[in-house]
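Have a look at the model below, then try each task before you read its solution.

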Amino acid sequence: MRYYEIVLMINPDQSNQINDILKYYKNFIQNNKGSITRLEDWGKRQLSYPILKLHKAHYILINIILNHNLIKNLEKNIKNNEKIIRYLIIKTKTERKDVSYILKSKDERQERRNDIVKTI
């Protein structure tokens, strides 16, 4: 079993079907004896450049533990899903459970910046 981090960029017109998409991939992972360690919905975010004439996308972050033989099947499935406009799958060395930087509150980020400035 290996650790993976997956970021999905979903067409913003499909935002009402996010739960169905997540349920499908949860079932795929669990049926193949994998597990989800972190699942975050980042919501709609502005894109740096248009993709398929879209300027926004709905972002989902998923950290999983899955057999390395099955990751190709998962990637093929994601690639064939027309609702997903981009995706990224990264193999990680350790299991990720903590909250991502994007979801941390602005206060925590500002406090961290202040601490960094004090040390400089």
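**Exercise 1. Two tyrosine rings**

Task: work out how exposed Tyr-24 and Tyr-25 are, and decide how their rings are arranged.

Solution. Step 1: Tyr-24 has a relative accessible area of 42%, so it is partly exposed. The cut-offs are these: buried means under 20% relative accessible area, exposed over 50%, and partly exposed in between, with a 1.4 Å probe and protein chains only.

Step 1: Tyr-25 has a relative accessible area of 4%, so this residue is buried.

Step 2: now for the rings. Rings of Phe, Tyr and Trp (its six-membered ring) pair if their centres lie within 6.5 Å; planes under 30 degrees apart count as stacked, over 60 as edge-to-face and the rest as tilted. By this rule there are two aromatic pairs. In one of them, the ring centres of Tyr-24 and Tyr-25 are 5.2 Å apart and the planes stand at 80 degrees, so the pair is edge-to-face.

Before going on, a word on the source. This is a predicted model, in which local features need pLDDT of at least 70 and side-chain atom pairs count only at pLDDT 80 or more, while totals for chains, interfaces and linings use all residues. Residues are numbered from 1 along each chain as its sequence is written, and side-chain values use heavy atoms, with hydrogens and water left out.

**Exercise 2. A pair between strands**

Task: find out how the rings of Trp-42 and Tyr-59 are arranged, and where the two residues lie.

Solution. Step 1: the ring centres of Trp-42 and Tyr-59 are 6.3 Å apart and their planes are at 25 degrees, so this pair is stacked.

Step 1: Trp-42 belongs to strand β2 and Tyr-59 to strand β3, so the pair ties together parts that are 17 residues apart in sequence. Helices (H or I, at least four residues) and strands (E, at least two) are DSSP runs, numbered from the N terminus.

Step 2: check the burial. Trp-42, at 17% relative accessibility, counts as buried, and Tyr-59 is buried with 15%.

**Exercise 3. The helix α1**

Step 1: list the buried residues of α1, which are Ile-18, Ile-21, Leu-22, Tyr-25, Phe-28 and Ile-29.

Step 2: ask what the buried residues of α1 pack against. Their partners are β1 (2-10), β2 (35-51), β3 (54-66), α2 (71-80) and β4 (84-92), where contact means heavy atoms within 4.5 Å.

**Exercise 4. The sheet**

Task: give the strand order of the sheet and name its edge strands.

Solution. Step 1: the four strands form an open sheet in the order β2-β3-β1-β4, with antiparallel pairing. Two strands pair if DSSP finds at least two bridges between them.

Step 1: β2 and β4 are the edge strands, as each pairs on one side only.

Step 2: count the bridges. β1 and β3 run antiparallel and are joined by nine bridges, while β2 and β3 pair in the antiparallel sense over 11 bridges. Across from Ile-10 is His-58 in β3, and Asp-41 stands opposite Ile-60 in β3.

Step 3: look at β3 itself. Of its 13 residues, 11 are buried, so β3 is largely enclosed by the rest of the structure.

**Exercise 5. Positive phi**

Task: locate Lys-33 and Leu-52, and say whether each is buried or exposed.

Solution. Step 1: most residues other than glycine have a negative phi. Lys-33, however, has a positive phi near 60 degrees, and Leu-52 has one of about 55 degrees.

Step 1: Lys-33 sits in the loop between α1 and β2, and Leu-52 in the loop between β2 and β3.

Step 2: with 72% relative accessibility, Lys-33 counts as exposed; Leu-52, with 68%, counts as exposed too.
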